[in-house]
Amino acid sequence: MAGGMDSNPEDSREAFGLLRQLLLKPEIEKLAEISRRLDDPEVRAAEVGQILAAALRRQAAVDDRLCLALRPLIEKTLYNSVRKNPRALVDIIFPVMGPALRKSVSAAIMGMIQSLNQMANHCLTIRGIKWRLEAWKSGKPFSAVVLAHTLLFRVEQVFLIHAESGLVLQHVAAEGVSGKDPDLVSGMFTAIQDFVKDALGSGSELIDTLRLGNQRSIWLEQGRYAILAAVIRGTPPMDLRHDIQDCLDRIEAVRGQALAAFDGDTAPFENLDAELRGLLQFQARPETGRRTWLLPAAIATLVTLAALALGLNRYQENRTWQRLLERLRSQPGIIVTRAAREDGRYLVEGLRDPLAPDPESIKSACRAAKLPVDWRWKAYWTMDRPFVLKRAELLLKPPPSVRLLLEGGILSARGYASHSWIVRARRLASVLPGLAGYNDGQVVDQDLVAFQKAVQRLESKAIYFVKGGIDLDPGQEPNLDDVASIVRTLQGFDFPDRPGLNIAVIGHTDVSGTEKFNLALSRLRAEKVVSLLAARGLEAGLFNPLGLGPAGTGSESQALWRSVTFGVR
Amino acid sequence: MIKKKICMLGAFAVGKTSLVRRFVDSIFSERYQTTVGVKIDKKSMEIDGRRIDLIIWDLNGEDEFQSVRTSYLRGSSGCIYVVDGTRSSTVETAGSLYGKTTAAIGRVPAVLVLNKQDLHQQWEVGDRLLAPVRQMADAVFYTSARTGQGVERAFSKLAVMMMENSGQ
């Protein structure tokens, strides 16, 4: 056959075409028909139109691909449409948005009224006044303070209730909340709803809030098939109302069919547990019950007591401080220039005479020993009389035999004192502050007295000579020893303010013999005594030998005949 | 879990409340009946190994002064009509309540309870009088709130009928 075809290709092509015609005629016609339909846009459009709805439906049931494919197209179309003619879209969505907006606006207004009511309620209560004080102190608006205190709430229980029968479909309760049997509570909610509706003739409107005292309320939201009831402690924000609405909307959207067909079997609603638990909200601090005031009250009491104790302590401390200051201010020799309390310690600044009492001892004396006081003193000399006198005593150091007196600014010394003390005191007194003068006229100079006594003794002594010669009378040696002893005594005195010791040794004669002879003799006798005293260890320079010649004839003068006497300048 | 709302209906003082008092969980005071007009109790029972909670709406007694709020009947899966066997007038009331209920919520399983069986000597309600009301109930029970006689059986029967009715 292959050979046949090779021999006449033209014939065999014709034969093959004929064979094809014979064998495949219906199919060929069908292909031509299909081809015509595919090529003709009108026909194709009409055909696709017929199956498009079914195709979309089928694909949508299989998966989301169709949705995903159409989404950008629809979005773009909507976008263009709104840009071109917004009115059309407004007309379309108004029936949906209108009621929703109204509901939202009315909820917002309700919320505002609610907060205004709370404010009004709290305006005149003790709590309200407290909050006003708080607002005043913190500078916040009163409304903000009220909200801060009142927006504490806790959703304790949530009931999902079948609207028609009042049966509980699902119930959740917050941790630690034990409610009564939810079925009975829910039934009673429904009954009361019905009762109020009947009594007020309010048609399909639902009670949306039941209030129990100040602290508990039940918020109810009614959907088409179900009611959501939230038992709330405290004052919730209006947002909660929206959450409840949203929750109910979601449940009805997902479980609408089950709700419509509900006939007592709660199984389809058991897994709504998580959805309802989302509503068990609380804000800030959950209320823990009636006893919550105990701890704050105990703390408040303690704080008050502590404050009282502290206050009392401060009061007492302050009184002690004032007492101390008074004492310090009245103390001579102390001048307080500044008194202050700094960083929990007390500070006293001022002038203090070194002779004034120690401030620490004053502190102890006025029972302020525990007061923490820092002293800052500058020394000064007070002119107060006792201080001047005391200062003089300290400086002059008078011997016990001397008494100091201060009269009219003049310091007087009385008694007995050594010469050196008198001299020193006189010098110091001239520089003592606060004195108008110094008088030591009544101080007896003990040294001077003793000196003068010795001088008297010396001046009463006489050394006698033989007649007409310079030899001592027999027995005059002890007399001469006495003189030497007295001179030594005189030498022991030291009077810095007086000229050095100088003793006149005066020679005398009797009246016999010539004047000239007697003068020479008397001088020789004086010199003889000086040399005898020098022989007794006394310095010759102390003596000034003089010859006075004959001593006259009177009885007193006769005692001086043939003698040597002494004189001290 | 299966929950069913049922209503207890009857004339004033037929003993509805006494009838259930010994058999139910209750948290509400009987005052509610005179104020709100209903008191709600709960009875849990087991039917064929399945738990069923009956939420019993004990409606106030019907007389010339007060009537049953039909809104309370909504969503009810069954009814118990109570008649005081010693007062023939209560049969009539039960009949009128039946009419009211059926008009409001349609036909639901119903049990007729002839109460105060313990006061048999004073019994007034005879078979002839009962004939019309027997028609309306799916079952009739003689009960005594004082002795508890027949009460459990009445509730059980109603529960079974309601389950059958809803194909559960």
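Buried means under 20% relative accessible area, exposed over 50%, and partly exposed in between, with a 1.4 Å probe and protein chains only. This is a predicted model, where local features need pLDDT of at least 70 and side-chain atom pairs count only at pLDDT 80 or more, while totals for chains, interfaces and linings use all residues. Residues are numbered from 1 along each chain as its sequence is written, chains are lettered from A in the order in which they are written, and side-chain values use heavy atoms, without hydrogens and water.

**Stop one: S76(B).** Select S76(B), in the loop between β4 (50-59) and β5 (78-84) of chain B; strands are DSSP runs of E, at least two residues, and helices runs of H or I, at least four, numbered from the N terminus. With a relative accessible area of 8%, S76(B) is buried. Now show K5(B), I6(B), C7(B), I105(B) and V108(B): leaving aside neighbours within four places in sequence, these are in contact with S76(B) (heavy atoms within 4.5 Å). A polar atom of the S76(B) side chain also lies 3.3 Å from the backbone oxygen of G78(B).

**Stop two: helix α3(A).** Move to residues 41-62 of chain A and centre on I51(A), where the helix has a kink of about 40 degrees. The bend at a residue is the angle between axes fitted to the seven residues ending there and the seven starting there. Then go to the start of α3(A), where a side-chain oxygen of D40(A) comes within 2.9 Å of the backbone nitrogen of E42(A).

Methods
Polar contact = N/O pair within 3.5 Å; in protein donor to acceptor, adjacent residues only side chain to side chain.
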